[in-house]
Amino acid sequence: MRVQSVGERESPQWRLREATRQMEAQFLHQLLRAMRRALPTTQSSYTTQMYTDMMDEALAQQLAQSDQFGLGRLLYEKLSPYAQATERTSGGGDNEHTR
C-alpha cells in the first residue's frame with residue numbers, strides 16, 4: 001500500500017480517484033442489497049438485517065478499495081481529462097470553484 005503525502009491527497013486527481021472509488025462502493029453496496037432481497041427470506045429481526053446491511057457496506061468498500069471490479073478505475077480514466085483541464089484553468093492544485 002502506497003502512502004500519499006498531504007499535498008498529493010489534496011490534488012484534484014487524488015480527490016477524483018477517491019470519489020470514483022466511493023461511487024463504486026455505493027454501486028456494489030446496492031448490488032449486494034438487491035442480491036440479498038432476491039434470496040428467500042427467513043424471519044430475521046431488524047437488528048440482524050441492520051448488521052447484515054452494515055456488513056455488506058463494509059464488504060462493498062473493501063471490494064472498491066481492492067479495485068478488482070474496475071468500475072471506479074474506468075470512471076477515473078474517463079473523467080480524469082476533465083479534472084486535468086480544470087486544474088490547468090484554475091492555475092494549479094487550488095480548487096476555489098468547488099469551495
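Which residues are buried in helix 3?

1. Basis of the note. The model is predicted, so local features need pLDDT of at least 70 and side-chain atom pairs count only at pLDDT 80 or more, while totals for chains, interfaces and linings use all residues. Residues are numbered from 1 along each chain as its sequence is written, and side-chain values use heavy atoms, with hydrogens and water left out.

2. Overall fold. The chain contains four helices and zero strands, in the order α-α-α-α along the sequence. Helices are DSSP runs of H or I with at least four residues, strands are runs of E with at least two, and both are numbered from the N terminus.

3. Of the 99 residues of the chain, 22% are buried (buried: under 20% relative accessible area; exposed: over 50%; partly exposed: in between; 1.4 Å probe, protein chains only). Among contacts with a separation of 6 or more, 80% are between residues 24 or more positions apart (contact: heavy atoms within 4.5 Å).

4. Surface. The accessible surface of the chain is about 7800 Å², and carbon and sulfur atoms hold 56% of this area (Shrake-Rupley method with a 1.4 Å probe; for residues, only the protein chains shown count as cover).

5. Helix 3, geometry and buried face. Helix 3 has 21 residues and spans 30 Å from its first C-alpha to its last, close to the expected 30 Å at 1.5 Å a residue (expected span: 1.5 Å times one less than the number of residues). The buried residues of helix 3 are D56, A60 and A64. Seen down the helix axis, the buried residues fall within an arc of 70°, so they line one face of helix 3 (arc: that of the directions from the helix axis to the C-beta atoms).

6. Surroundings of helix 3. On the other side of helix 3, Y51 and Q62 are exposed. Helix 2 (12–38) is included in what covers the buried residues of helix 3. D67 follows helix 3 and has a positive phi, near 65°.

7. R21. This residue lies in helix 2 and is buried, with a relative accessible area of 19%. Not counting residues up to four places away in sequence, R21 touches A64 and Q65.

8. M54. This residue belongs to helix 3 (residues 46–66) and counts as partly exposed, at 44% relative accessibility.
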